Amino acid sequence: MQYVLRHWGKGFDFFKIQIVNFLLQIVTLGLYYPWAKANTLEYLYSHTTLQDHPFSFSGTGKEMFRGYVKLLVFMGILFSLFFILVTNNMGGWGLLLIYLTLFLLIPLALHGSYRYRMAKTSWRGIRFGYTGNRGELFTLFIVGLFLTIITLGIYGPWFYMKLRRYIIGNIKMGDAHFSYSGNGGDFFVLNLVGYILSIFTLGIYMFWWQRDLFRFFVNNLRMQKGDQVVRFQSTASAGDFFSFIVINLLIVVFTLGLGIPWVIIRSLQFVTEHIQMQGNISLEELQQEQEDFGDAAGEDVIDWLNFDLII
């Protein structure tokens, strides 16, 4: 069985949403941001379909605002401590406090963000869910970060793949669950070859490198329900990435950034059009298993840190 994943958003429609969001954030001195994000996600989700049925995002600005306030209070306290240390000629300790806090915050924010975002995502009434353990993710992240630092970045690919396998492995869609099988060794070689060949070809190989990365991320993804499975496969070529990247760059440059909404829509359309899904899971028979978790604090921390969600 083949499944069809598509995004049907329109650049101009999304542009209008973003302009309104931008103006309201200016008028409210940024307080409208949670509602702006909810509007954005609702549009993007509702215009993405699987088997011609749209996804749904049920999160609200009010829920996100509570998380936003928590973040503002936390960051206010953190930077107040930083300035106190600086004014007492302890700037080094202040910077250490900032960096350590942010590093410790990332895994907690990831856990909270996935827990909230997945609980608010549904398809045909079947909710997604994230079942990861905060302590396990925190330990995995801190150990991986430590090993990456002491190996001068060499352990980075293994760290990222372990993080990806853990998070994706704890995402569910009803009573089906996702899994990821990519490993650090393959990811390390892929990036090493891509980096070296991109240098020697003056950047030309970059489009093949992007094709290989996309293929690596997609082809190692599975969704399973018992002995039934859905496999994901990339259909993108280097030529596809060339036209995609160059046109997006031209849109941004020649519109002085105003074309970013069109770039976002084109990116979602590119990704969905170049992912092929095949398997034997009857999606119509998926059963609801997930609970609804309303704390959106992790969502705002992830945005503030500019730390992208993995899936």
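Which residues of α9 are buried? In α9, the buried residues are Ala-238, Phe-241, Phe-244 and Asn-248. The model is predicted, and local features need pLDDT of at least 70, side-chain atom pairs count only at pLDDT 80 or more, and totals for chains, interfaces and linings use all residues. Residues are numbered from 1 along each chain as its sequence is written, and side-chain values use heavy atoms, with hydrogens and water left out.

**View 1**
Helices are DSSP runs of H or I with at least four residues, strands are DSSP runs of E with at least two, and both are numbered from the N terminus. Buried means under 20% relative accessible area, exposed means over 50%, and partly exposed lies in between (1.4 Å probe, protein chains only). Helix α9 has 17 residues, and its first and last C-alpha atoms are 24 Å apart, close to the 24 Å expected at 1.5 Å a residue. The expected span is 1.5 Å times one less than the number of residues. Ala-238, Phe-241, Phe-244 and Asn-248 are buried in α9. They cover an arc of only 125° around the axis, which puts them on the same side of α9. The arc is taken from the directions from the helix axis to the C-beta atoms. The cover over the buried residues of α9 includes α8 (206–219) and α10 (260–273). Leu-256, which follows α9, has a positive phi, near 55°.

Asn-248 belongs to helix α9 (residues 238–254). Its relative accessible area is 7%, so Asn-248 is buried. Contact means heavy atoms within 4.5 Å. With neighbours within four places in sequence left aside, Asn-248 is in contact with Val-263, Arg-266 and Ser-267.

**View 1. Helix α1 and its buried face.**
The 17 residues of α1 should span 24 Å at 1.5 Å a residue, and its end C-alpha atoms are 24 Å apart, which agrees. Gly-11, Phe-14 and Asn-21 are buried in α1. Because these buried residues fall within an arc of 90° seen down the axis of α1, they line one face of the helix. They pack against α2 (33–46) and α10. Just after α1, Leu-29 has a positive phi of about 55°.

A salt bridge is a side-chain nitrogen of Lys or Arg within 4 Å of a carboxyl oxygen of Asp or Glu. A search of the whole structure finds 5 salt bridges. One of them joins the side chains of Lys-16 and Asp-13, at 3.7 Å from N to O. Both residues lie in helix α1 (residues 11–27), 3 residues apart, about one turn of the helix. An α-helix has 3.6 residues a turn, so residues three or four places apart point the same way. Lys-16 counts as partly exposed at 41% relative accessibility, and Asp-13 is partly exposed with a relative accessible area of 31%.

**View 2. Two further salt bridges.**
Arg-124 forms a salt bridge with Glu-284, with the closest N and O atoms 3.6 Å apart. The pair links distant parts of the chain, 160 residues apart: Arg-124 is in the loop between β5 (121–123) and β6 (126–130), and Glu-284 is in the loop between β11 (275–279) and α11 (297–305). Arg-124 counts as partly exposed, at 45% relative accessibility. In the salt bridge between Asp-212 and Arg-211, the closest N and O atoms are 2.8 Å apart. Asp-212 counts as buried at 19% relative accessibility, and Arg-211 counts as buried at 18%.

**View 3. Ser-198 in helix α7.**
Ser-198 is found in helix α7 (residues 184–200). Its relative accessible area is 10%, so Ser-198 is buried. Leaving aside neighbours within four places in sequence, Ser-198 is in contact with Gly-203, Tyr-205, Met-206 and Trp-209.

**View 4. Gly-153 in a loop.**
Gly-153 lies in the loop between α5 (134–150) and α6 (156–169). At 38% relative accessibility, Gly-153 counts as partly exposed. The C-alpha atoms of Gly-153 and Glu-289 are separated by 39 Å, and the two residues are 136 residues apart along the chain.
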